[in-house]
Amino acid sequence: MPVRTRFAPSPTGYLHIGGARTALYCWLEARRRGGAFVLRIEDTDRERSTDAAVQAILDGMAWLGLDYDEGPIFQTRRMARYSEVARGLLEAGKAYWAYESKEEIDAMRAAAMARGEKPRYDGHYRELGAAYREDPNRVLRFKNPHDGSVVFDDAVKGRVEWRNEELDDLVLIRSDGYPTYNFAVVVDDIDMRIDEVIRGDDHVNNTPRQINLYHALGAAVPRFAHLPMILGADGQKLSKRHGAVSVMQYREDGFLPHALLNYLVRLGWSHGDQEIFSRAEMIAAFDIGAVNQSASRFDLAKLGWLNQHYLKTDDPAALAPELVWHLQRCGIEPAQGPAPEDVIVALRERVQTLKEMAMRARIWYAPISAWDEQAVAKHLGGAGARAALLAVHTHLAALTAWTPGQVGEAISATAAALGVGMGKIAQPLRVAITGSQVSPSIEHTVYLAGQREALRRIDVALARTG
RNA sequence: GCUCCCAUCGUCUAGCGGUCCAGGACGUCGCCCUCUCAAGGCGAAAACACGAGUUCGAUUCUCGUUGGGAGUACCA
């Protein structure tokens, strides 16, 4: 029977790096084994869930190309089902109503802590067996077993054992009538026939309680896989302050979705010495059982390297729309200049992100806005510069076909005619076209400006020569 | 505090008792190439946290220490 996995974020914020990797692993596991991948939105926290966050998660999934077979399923639309299951548990004597106020619970914990014990609910109403009554503090609690222990074989952590005496009677239904996370996940995972639960490390502690719930409900316990955390570059937990940015922020910063996916898949998992994985390759090679057990740090430099790798190897035509998007965000009108594909070819070996590329492409879409005076002094100052520019102007003006190749030949011919090295021609020309002494190869730099504009810029530069 | 988890180059990792004076990748440094900057090629520096065991033999197994992390909610 094909596996069924799910990604179950709570809509209390955007889709961040850690969530994205969890989603990726769930997706990969389902795809590799020909199973189904379900997206479920865990929105039972009415205080913190927002529609904007739901949308942000959906957008992030879409951008990354992590398609789901079912969902998004919203827990708040399944309220009747939770009540039904809760009632069943109550009738079976596996749950009970409790009426402590939050203050009383807090005091109970504080007292336990003071005794050096684990802060937990003392099961007061479990013993009391009080009848149901309307009460603002009324919650439904689960009768967790007192004895024995819960053992599970985690796909990444291995065997984990928990003594039941460490666990207390968790709340199933809150006083506001909404189910708690631990209850809703179990009900949902059973109903949705999830047999492989892949989630963050921070859920290991909940697992034994959930397993007890599975038992109480007479359901088969799924296989669990708890992923280690992704830490910030400084080794600290990812937080709003550092690194935990939305995956969509990576798009804005100029990263490609498949580069991010490739980076993420290798964070905590490896396949021999392979670093580069296409989608198909990661699907074929991924193995949840081979995931690392220790936390890893997010390294932007390596992401940058991967991103450039894809910039260099992807079809420029496929990248063009994304570059256009970035150009527009930089306030550049792409229609006014060279074809984006040509810009990509000229710049992809020089930048790591599309954002950088867009910024550096500005010189071909808009007039020179600032001259690097040092470059002007160094390359336009001498007498040779003037002669070089005059000669190259002539050669370029004579071209009937305007291609990087033709432009390159015209420049080489100029150097040959003057009996000087390429540098004597290329550098003054580079400054003339771009106003700076750094740019892509000279033939691309000139080619991208267009014949008319290139010649015009040489004329302008001529006025600046000494 | 208590419970659980983790520990190989700066970073991501390979390693599943001898083939490891520990391999790959990013980053760093050097050289080459060169019209600038890159990209590319070649090369270098760089790690088994510590201490006990087990064993003929531990990076690999066990325990402890230290150091990280997670949870300890009517948040997920």
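I looked up Gln427 and found it buried, at a relative accessible area of 18%; buried means under 20%, exposed over 50%, and partly exposed in between, with a 1.4 Å probe and protein chains only. I note that this is a predicted model, in which local features need pLDDT of at least 70 and side-chain atom pairs count only at pLDDT 80 or more, while totals for chains, interfaces and linings use all residues. Residues are numbered from 1 along each chain as its sequence is written, chains are lettered from A and ligands numbered from 1 in the order in which they are written, and side-chain values use heavy atoms, with hydrogens and water left out.

I placed Gln427 in helix α18, residues 422-434 (helices are DSSP runs of H or I of at least four residues, strands runs of E of at least two, numbered from the N terminus). Its side chain makes a polar contact with the side chain of Arg430 at 2.6 Å (a pair of N or O atoms within 3.5 Å; within protein, one must be able to donate a hydrogen and the other to accept it, and residues adjacent in sequence count only if both atoms are side-chain atoms). Leaving out residues up to four places away in sequence, I list His379 and Gln437 as touched by Gln427 (heavy atoms within 4.5 Å).

I next examined helices α3 (residues 79-91) and α6 (residues 181-191), which pack at about 100 degrees with their axes 10 Å apart. The two are therefore roughly perpendicular, a class that covers 65 to 115 degrees. Arg81, Tyr82, Val85, Ala86 and Leu89 of α3 meet Phe183, Ala184, Val187, Asp188 and Asp191 of α6. I recorded the residues of this contact as 7 nonpolar, no polar and 3 charged.

I then traced an open sheet of 3 strands, ordered β4-β5-β8 with antiparallel pairing; two strands pair if DSSP finds at least two bridges between them. β4 (95-98) and β8 (171-173) are at the edges with a single partner strand each, so one side of each has no neighbour in the sheet. On average, neighbouring strands are turned by 45 degrees against each other, direction ignored. I found 4 bridges joining β4 to the antiparallel strand β5, residues 139-142. Ala95 stands opposite Phe142 in β5.

Last, I checked Arg193, in the loop between α6 and β9 (196-200). Its phi is near 55 degrees, a positive value in a residue other than glycine. Arg193 counts as exposed, at 54% relative accessibility.

Technical notes: Axes are lines fitted to C-alpha atoms, for helices over the stretch in contact, and angles run from 0 to 180 degrees between N-to-C directions. Angles under 35 degrees count as roughly parallel, over 145 as roughly antiparallel, 65 to 115 as roughly perpendicular and the rest as oblique. Ala, Val, Leu, Ile, Met, Phe, Trp, Tyr, Cys and Pro count as nonpolar, Asp, Glu, Lys and Arg as charged, and the others, Gly among them, as polar.
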